Amino acid sequence: MLSIDLSQEIMELKKKRNAVILAHSYERPEVQDVADFVGDSLGLSRVAANTSADIIVFAGVHFMAETAAILNPKKTVLIPDLDAGCSLADTISAKDVQEWRDENPNGQVVAYVNTSAEVKALADVCVTSANAVAVVQSLDATRPIFFLPDMFLGAHVERVTGIKMHVWMGECHVHGGIGDKEIRETLEAHPDAEFLIHPECSCGSSCLYLKPDAKMLSTEGMVTYAKASDRTEFVIATEVGIIHRLNKMAPGKKFLPVKESAICQYMKMITLEKIYDSLVEDKYVVSVDEEIARAALGAIEAMISIG
Ligand code: 13P
Ligand code: SF4
């Protein structure tokens, strides 16, 4: 089936089944184009918490669909490919968090949304890249803070807040792979462009050193910033799927990826064909153990309410 027909079929199926498609900005362009909402982890969680649809099809990765399922225990949450995981979320287990808790009974656990439901269940609060700074600023800095699992986002939060934390040494293979070399080369080639950097990138601190006016932003923060800016040329350090969204939301401006090969293969597992099958056959249902969901809900709700 041609992708235009498939998109049409998906639109009709959505109406018939009272379903919404929520897509992350790293999804394939044609997947973003059939979605009811495209955004970052925070925006997607907020929409998932408030939707009146019966079915949520999550065009994103597993932890995002799990978060939607925890927020909507009575709704059907579907992910079109169960293998759409996250290398960053996989760096830490609930056992690792419990060990830290046992050693730091007075400690506070801050879990990035890129974690499993089991890890979230042991957290005091969750964060996304859009509100990590605000959430950490709201904590009691006299007590130990465990920030997990992304070391580069953790370093960014420490730099901005001045609060020293215990940071888990995890990284995303896509953002960890956007390093100093790529930044230096792009800076040389485009000295006058604005630099927008995702805080998961390993190049964050050297980029701020080389270009102090570079902006560290979540994916949606990049869209909002680019739309409002008077500038017309932007260098973008994150997964390249965002370029489609930036072109759509800020037409007439130029967006250059720092690294063309910064592609998350997990996000790209979601295709129109799989979304269609998902809506026809209700696959794959994402469910979270009731006790774990109950324990994780407070940390997720705290995340949604801040920033
Ligand atoms: P945000 O969309 O929250 O900026 O996160 C990026 C990411 O890596 C999601 O997997
Ligand atoms: Fe996970 Fe990295 Fe892919 Fe985001 S880009 S889903 S952090 S592997």
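**Reading the model step by step**

Modeller: Let us begin with strand 1 (residues 19-24), where six of the six residues are buried, so this strand is largely enclosed by the rest of the structure. A residue is called buried if 20 or more other C-beta atoms lie within 10 Å of its own, exposed if 12 or fewer do, and partly exposed in between, with the C-beta atoms placed from the backbone. Strands (E, at least two residues) and helices (H or I, at least four residues) are DSSP runs, numbered from the N terminus. This is a predicted model, in which local features need pLDDT of at least 70 and side-chain atom pairs count only at pLDDT 80 or more, while totals for chains, interfaces and linings use all residues. Residues are numbered from 1 along each chain as its sequence is written, and chains are lettered from A and ligands numbered from 1 in the order in which they are written.

Colleague: How should I read the two faces of a strand, and which residues lie on each side of strand 1?

Modeller: In a regular strand the side chains alternate between the two faces of the sheet. In strand 1, Ala19, Ile21 and Ala23 lie on one side and Val20, Leu22 and His24 on the other, and all of these are buried, which leaves both faces covered.

Colleague: Which strands pair with strand 1, and in what sense?

Modeller: Two strands are said to pair if DSSP finds at least two bridges between them. Strand 1 pairs in the parallel sense with strand 3 (residues 55-59) over five bridges, and there Val57 is the bridge partner of Ile21. Strand 1 also pairs in the parallel sense with strand 2 (residues 37-39), over three bridges, with Val38 as the bridge partner of Ala23. From strand 1 the chain passes through helix 2 (residues 29-34) to strand 2 in a right-handed β-α-β crossover; right-handed here says that, with the strands pointing away from the viewer, the path from the first strand over the helix to the second runs clockwise.

Colleague: What is the order of strands in the open sheets, and which strands are at the edges?

Modeller: An open sheet of four strands has the order 6-5-7-8 with parallel pairing, and its edge strands, strand 6 (125-127) and strand 8 (166-167), each pair on one side only. Within that sheet, strand 5 (residues 108-112) and strand 6 share three bridges, and Tyr112 has Val127 as its bridge partner. Another open sheet of four strands, also parallel in its pairing, has the order 10-9-11-12, with strand 10 (215-216) and strand 12 (254-257) as the edges. Four bridges join strand 9 to strand 11 (residues 233-237), where Leu196 stands opposite Ile236.

Colleague: How is the chain divided into domains, and what does domain 1 contribute where it touches domain 2?

Modeller: Domain bounds come from an automatic or database domain assignment, which here gives domain 1 (3-85 + 267-288), domain 2 (89-171) and domain 3 (178-257). The centres of domain 1 and domain 2, taken over C-alpha atoms, are separated by 27 Å. Ten residues from domain 1 and ten residues from domain 2 take part in the contact, where two residues are in contact if their C-beta atoms, placed from the backbone, lie within 7 Å. On the side of domain 1, helix 3 (41-50) and helix 4 (62-71) each supply at least two residues, and the largest share, four residues, comes from helix 4.

Colleague: Which residues does the record list as a binding site, and are His198 and Glu200 buried or exposed?

Modeller: An unreviewed UniProt entry lists His24, Ser41, Tyr112, Val113, Asn114, Ser129, His198, Pro199, Glu200 and Thr219 for "binding site"; such positions are given in the numbering used here, feature names are shortened, and annotations may be inferred rather than shown by experiment. His198 is in the loop between strand 9 (194-197) and helix 11 (204-210), and is buried, with 28 other C-beta atoms within 10 Å. Glu200 lies in the loop between strand 9 and helix 11 and is buried with 27 such atoms within 10 Å. Not counting residues up to four places away in sequence, His198 touches Ser129, His175, Thr219, Ala237 and Thr238, and Glu200 touches Ser129, Asp150, Phe152, Leu153, Cys172 and His175.
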